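I opened the model today to look up a few things for the notebook. The entries follow in the order in which I checked them.

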Amino acid sequence: MRLLVTGGAGFIGSNFIRYILNARPEVAVINLDKLTYAGNLENLTGLEENPRYTFVHGDIGDRRLVSEIFSRGVDAVINFAAESHVDRSIMDATPFIETNIRGTQVLLDVTTEWWREHTAGGPPATPAGPMLERSSIRGAPTDPPAGVTASTTGDNFDTAPVSGGGNSTAGAAGGASPGQAGNGKSRFNGDSGSWEHGSTISTKDLPREDRGQPGTAPAVAFIQISTDEVYGSLGPEGRFTEESPLNPSSPYSASKAAADLLALAYHRTHGLPVAVTRCSNNYGPYQFPEKLIPLMITNALENRPLPVYGDGLNVRDWLHVEDHCRALELVLYRGRAGEIYNIGGHGERTNLAVVRTILHLLDKPAGLIRFVKDRPGHDRRYAIDPSKITRELGWQPRHTFERGLAATVEWYVKNRPWWERIKSGAYREYYERMYGGR
Ligand code: NAD
Ligand code: TYD
């Protein structure tokens, strides 16, 4: 199964790619990522040589590029790509509208086109259950783009050299062209919309149709990764169910709600087998240090103040990223089209409790906590009722928050160069803008 994962260089996407390649030998991943400030190929270190992994640098809103990827064969899409930080959406909503709404629309359009072409007689009348058995009819081979010799078209996207693993026909598809001394590597540059030739040695080109074993079919063609934030804020009682009304507070959550509605509309109107997942706040390795947990861990490690918004009593329902990935695997293989699945880790904590635990784990003083001006429109409490995914797909979170947080703190302690590199770059300017006068 060839999975198009968008936003796979970000926090959850990169964890998902590692997870699914490990869990499912029949899966091959194409990772389409724009590499915004939040996208980091270091999150995927070690996968460059994996024959079941391909990276494409580009924008989900680039219709030509997305169509090109589909023409090489895709069985299902998981859309993680997004502008994901509430505070940034308060500073400037434009990229949120652009990526989260318009980008999602482009992905949905292209997926729908493909779905129509590859389901005999159009979309099924009752779009439910395992639906993509026929998706083994993958994109018909395309002619090589102008200027690219047949021998190199197999190695199209921004790929690392791949080895001819599995039942790959890499040798046939991508054998070296004599004119290139066996070293031709071409890549599609999403920004310029053109094919480029590099001199990187790659004789083991990307086979077009058969990366990964043919295997279990996906149950849905498109998973829209959404958030509990679309439901807005809760009072002290109650939890969000899939029927809770949408009531987003921030430009970020409003853009995610819009994308959810688009995805569900494409299901109703075009029969595209879509599932929408709404998870609570994730935590774990490789999270960009602008979000609460990694920001607090890394600031504490640097003995810097820990900026807590308002009274610190806002509640978030923490979900370990690996539990999230397992839930997505279940939705991919067994989810029902047209459905929404809430995913939450039974991990409600106040921000202050989280911050104090981090300080305790790092043996740092509580005096590092600084209460700062509250976020405008700050949602007071989120809490997810995940009983639908538990009942229908048998999912349960495996990580308790205490153990998961301790392991996460340890990861940041051990991976200091990873976050120090991030924090030394453009991040500094962001931090000053966000927290400078607060
Ligand atoms: P992230 O900010 O860490 O990563 C986002 C990734 O998307 C980055 O790699 C970025 O380069 C890429 N991207 C951004 N715009 C793009 C575009 N136009 N085209 C292609 N790639 C683009 O985000 P995350 O925390 O991993 O979140 C992933 C998804 O999960 C998002 O859709 C987010 O809304 C959702 N979500 C996240 C959380 C959380 O706690 N992190 C909670 C609920 C929902
Ligand atoms: P965040 O990680 O930004 O996720 P979200 O806003 O999507 O839930 O924030 C989690 C909570 O932590 C939220 O209530 C805001 C709060 N927060 C702080 O108190 N200080 C900070 O510096 C940040 C980034 C967040």
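This is a predicted model: local features need pLDDT of at least 70, side-chain atom pairs count only at pLDDT 80 or more; totals for chains, interfaces and linings use all residues.

**Helix packing**

Residues are numbered from 1 along each chain as its sequence is written, while chains are lettered from A and ligands numbered from 1 in the order in which they are written.

I read off H2 as residues 63–71 and H4 as residues 94–118, packed at about 35° with axes 10 Å apart. Axes are lines fitted to C-alpha atoms, for helices over the stretch in contact, and angles run from 0 to 180 degrees between N-to-C directions. Helices (H or I, at least four residues) and strands (E, at least two) are DSSP runs, numbered from the N terminus.

I then listed the contacts (C-beta atoms, placed from the backbone, within 7 Å). From H2, Arg63, Val66, Ser67 and Phe70 meet Val106, Leu107, Val110 and Trp114 of H4. I sorted the residues of this contact into six nonpolar, one polar and one charged. Ala, Val, Leu, Ile, Met, Phe, Trp, Tyr, Cys and Pro count as nonpolar, Asp, Glu, Lys and Arg as charged, and the others, Gly among them, as polar.

**Sheet**

I traced an open sheet of seven strands, in the order E3-E2-E1-E4-E7-E8-E13, with parallel pairing. Strands pair if DSSP finds at least two bridges between them. Neighbouring strands here are turned by 20° against each other on average, direction ignored.

I checked one pair inside it. E1 (residues 2–6) and E4 (residues 76–79) run parallel over four bridges. Leucine 4 has valine 77 in E4 as its bridge partner.

I also noted H7 (residues 251–270), which lies across E7 (222–227) and E8 (274–279), at about 155° to E7.

**Ligand 2**

Which residues are closest to ligand 2? I counted 13 around it, the closest being Val86, Lys291, Leu292, Tyr309 and Asn314 (near means a C-beta atom, placed from the backbone, within 6 Å). H8 (292–301) and E10 (306–309) each give two or more residues to this shell. E10 has the largest share, three residues. I sorted the shell into six nonpolar, three polar and four charged.

Notes: Two residues are in contact if their C-beta atoms, placed from the backbone, lie within 7 Å.
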